[in-house]
Amino acid sequence: MGPTKAIVKGQALYEVVGGKLIKDGFVNQQEIEDYVNHHYLVLPVVDKRGEPWLLEGMPVYCLHGTQYETVQDERIHLARCPDCGGMGIRVDEIAVESDCIRCTACGHEFDTRLEMMEN
């Protein structure tokens, strides 16, 4: 069992499953992030513009740095786009021999293994 998956609505935090209020009255985003970091909570992944990653209309959560999950605790293979920070999904093409990932936000294609070797 992982941290509670939360979502921000207005200036309040809610459980994403069930919609139960966790805490309200936050003044800004930094206050929300500080609260989340000091409690067993996780917020949806966002890109560099602050837009949440959505898979089939539901937010995506990142646990343990690289493990992505849906609201229903289903593990999914995703990667962060190095350009825009958007959600990258594996391209399933027969002609592609590498682990090609395509960003859903900007369309950038990249190979996570090559990106790691270059850094």
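## Loops, strands and cores in a predicted model

Welcome! His64 lies in the loop between E7 and E8, two of the strands (DSSP runs of E, at least two residues long, numbered from the N terminus). This is a predicted model, in which local features need pLDDT of at least 70 and side-chain atom pairs count only at pLDDT 80 or more, while totals for chains, interfaces and linings use all residues. Residues are numbered from 1 along each chain as its sequence is written, and side-chain values use heavy atoms, with hydrogens and water left out.

- Most residues other than glycine have a negative phi.
- His64 has a positive phi, near 60°, and with 69% relative accessibility it counts as exposed (over 50% relative accessible area; buried is under 20% and partly exposed in between, with a 1.4 Å probe and protein chains only).
- Asp73, in the loop between E8 and E9, also has a positive phi, near 65°, and is exposed at a relative accessible area of 52%.

**The E7-E8-E9 sheet**

- Three strands make up an open antiparallel sheet, ordered E7-E8-E9; strands pair if DSSP finds at least two bridges between them.
- Strands E7 (61-63) and E9 (75-76) are at the edges with a single partner strand each, so one side of each has no neighbour in the sheet.
- Two bridges join E8 (residues 67-69) to E9 in the antiparallel sense, and Glu69 has Arg75 in E9 as its bridge partner.

- E10 (residues 78-80) runs antiparallel to E11 (residues 87-90), joined by three bridges, with Leu78 opposite Ile89.
- The hairpin of E10 and E11 has six residues between its strands, and Gly85 there takes a positive phi near 80°.
- E11 also pairs with E12 (residues 100-103), antiparallel and over three bridges; Gly88 has Cys103 in E12 as its bridge partner.

**Nonpolar cores**

- A nonpolar core is a set of buried Ala, Val, Leu, Ile, Met, Phe, Trp, Tyr and Cys residues joined through side-chain atoms within 4.5 Å.
- The largest has eight residues: Ala6, Leu13, Phe26, Ile32, Tyr35, Val36, Leu41 and Leu43.
- Helix H1 (residues 29-37) is the biggest contributor to this core, giving three residues; a helix is a DSSP run of H or I, at least four residues long.
- Apart from this core lies another, of seven residues, including Trp53, Tyr68, Ile76 and Leu78.
- Leaving aside residues up to four places away in sequence, Ile32 touches Val8, Leu13, Phe26 and Leu43, where contact means heavy atoms within 4.5 Å.

**Rings and charges**

- There are two aromatic pairs, counted for rings of Phe, Tyr and Trp (its six-membered ring) with centres within 6.5 Å; planes under 30 degrees apart are stacked, over 60 edge-to-face and the rest tilted.
- Phe26 and Tyr35 have ring centres 5.5 Å apart and planes at 65°, so this pair is edge-to-face; both residues are buried.
- The charged end of Lys23 sits over the ring of Phe26, 5.5 Å from its centre (NZ of Lys or CZ of Arg within 6 Å of the ring centre and within 35 degrees of the ring normal).
- Lys9 lies over the face of Tyr14, at 5.5 Å from the ring centre.

**Cysteines**

- The count of disulfides is zero, with a disulfide taken as a pair of cysteine sulfur atoms within 2.5 Å.
- Cys84 is in no disulfide, and the nearest cysteine sulfur, that of Cys103, is 3.5 Å away.
- Cys62 counts as partly exposed, at 23% relative accessibility.
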